[in-house]
Amino acid sequence: MDISFLKKSLKIPVIGAPLFIISNPDLVVEQCKAGVVGSFPALNARPKEQLDDWLYEINEKINNFNQSSSLKAAPFAINQIVHKTNDRVEHDMELTVKHKVPIVITSLGARKEVYDAVHSYGGIVFHDIINNFFARKAIEKGADGLIAVAAGAGGHAGTISPFALIQEIREWYNGPIALSGSISTGQGILSALASGADFGYIGSAFIATKEANASIHYKDAITKYNSDDIVYTDLVTGVKGNYLKPSLAAAGFDPDNLPKSDPTKMDFSSEDGMEKKKAWKDIWGCGQGIGSVKEVLSCSQLVDKLTDEYNQAKSRLKSIA
């Protein structure tokens with residue numbers, strides 16, 4: 001698939017990862033205005049009727065920016081959890097089609113009917129994968145691109161080295177790939193491209209931004225801790241992911257002796273299912289790259305910082321080539 005139009009719309013090759021609870025219209029719009037793809041999970045809009053309002057708001061603000069500025073905002077994306085336990089998929093996809101969301105990110109299952117719905121209005125779909133097997137399945141069913149969620153990524157992360165994962169996929173696939181896993185600097189973005197990806201996929205660094213819908217304690221924790229303070233567990237949602245140890249301890253768990261979760265008890269359907277588990281709100285997901293996040297910035301300041309680091313890294317490579 002030709003993604004030149006997407007690359008040309010970005011200040012730097014970055015897709016902002018959808019952050020459960022944290023990504024809201026303000027953050028998405030500011031990411032897009034700053035020149036990177038902004039995204040949010042459809043499930044963040046609760047009750048489900050709020051999703052229509054959010055999509056109107058995002059589209060309106062981006063259109064107003066494009067009409068009033070010499071710059072053009074990057075496109076935005078919506079994340080759809082297509083796992084069978086999410087009974088909102090049909091409703092949320094109807095609104096996605098209604099508002100013609102440019103990019104859809106699907107997670108926890110590859111579903112052809114979802115891809116077909118997005119393609120019906122000219123949208124594109126990236127699918128989250130954690131290994132080569134799921135990558136093949138997604139492309140076979142019609143995904144336009146992949147998000148390789150490698151070791152070190154925040155939230156629901158894989159365990160495979162980003163270098164190994166990208167290498168295996170590139171043996172058979174030449175389409176667009178975004179790489180996720182401890183990317184929180186401009187150097188990391190350039191490394192993702194050097195490894196064979198087209199975009200860096202950044203989540204945790206955006207938690208520590210002023211627009212993010214996270215508590216000040218969560219944001220401060222992102223700036224305070226590092227990779228030593230993260231644990232990989234399936235306790236929180238039934239799917240293995242990376243979480244801050246101090247937040248697990250505060251929720252009453254022993255981070256060094258966690259019980260296993262029952263994956264059949266995952267609940268993406270009820271409006272308060274996640275809240276009951278204290279997932280994301282009280283138990284904080286983040287990636288191993290947080291050690292480079294030193295302060296809470298505005299979204300535009302963070303993108304400017306990433307851009308400067310990215311350009312400096314490119315210049316350094318040219319000087320030593």
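By what distance along helix α2 are Glu 30 and Lys 33 separated? They are three residues apart, which means about one helical turn. Their side chains meet in a salt bridge at 3.2 Å, N to O.

This is a predicted model, in which local features need pLDDT of at least 70 and side-chain atom pairs pLDDT 80 or more, while totals for chains, interfaces and linings use all residues. Residues are numbered from 1 along each chain as its sequence is written, and side-chain values use heavy atoms, without hydrogens or water.

**Salt bridges**

A salt bridge here is a side-chain nitrogen of Lys or Arg within 4 Å of a carboxyl oxygen of Asp or Glu.

| Pair | N to O distance |
|---|---|
| Glu 30 and Lys 33 | 3.2 Å |
| Arg 88 and Asp 92 | 3.1 Å |
| Arg 111 and Glu 113 | 2.9 Å |

Buried means under 20% relative accessible area, exposed over 50%, and partly exposed in between (1.4 Å probe, protein chains only). Arg 88 and Asp 92 are both buried. Glu 30 is partly exposed at 21%, as is Lys 33 at 30%. Lys 7, Arg 170 and Asp 198 form a salt-bridge network.

**Strand β2**

Helices (H or I, at least four residues) and strands (E, at least two) are DSSP runs, numbered from the N terminus. In β2 (residues 38–41), Gly 38 and Phe 40 are buried on one side, and Ser 39 and Pro 41 on the other. Strand β3 (residues 76–81) runs parallel to β2, joined by four bridges; Ser 39 has Ala 77 as its bridge partner.

Definitions and conventions: Pairing = 2+ DSSP bridges.
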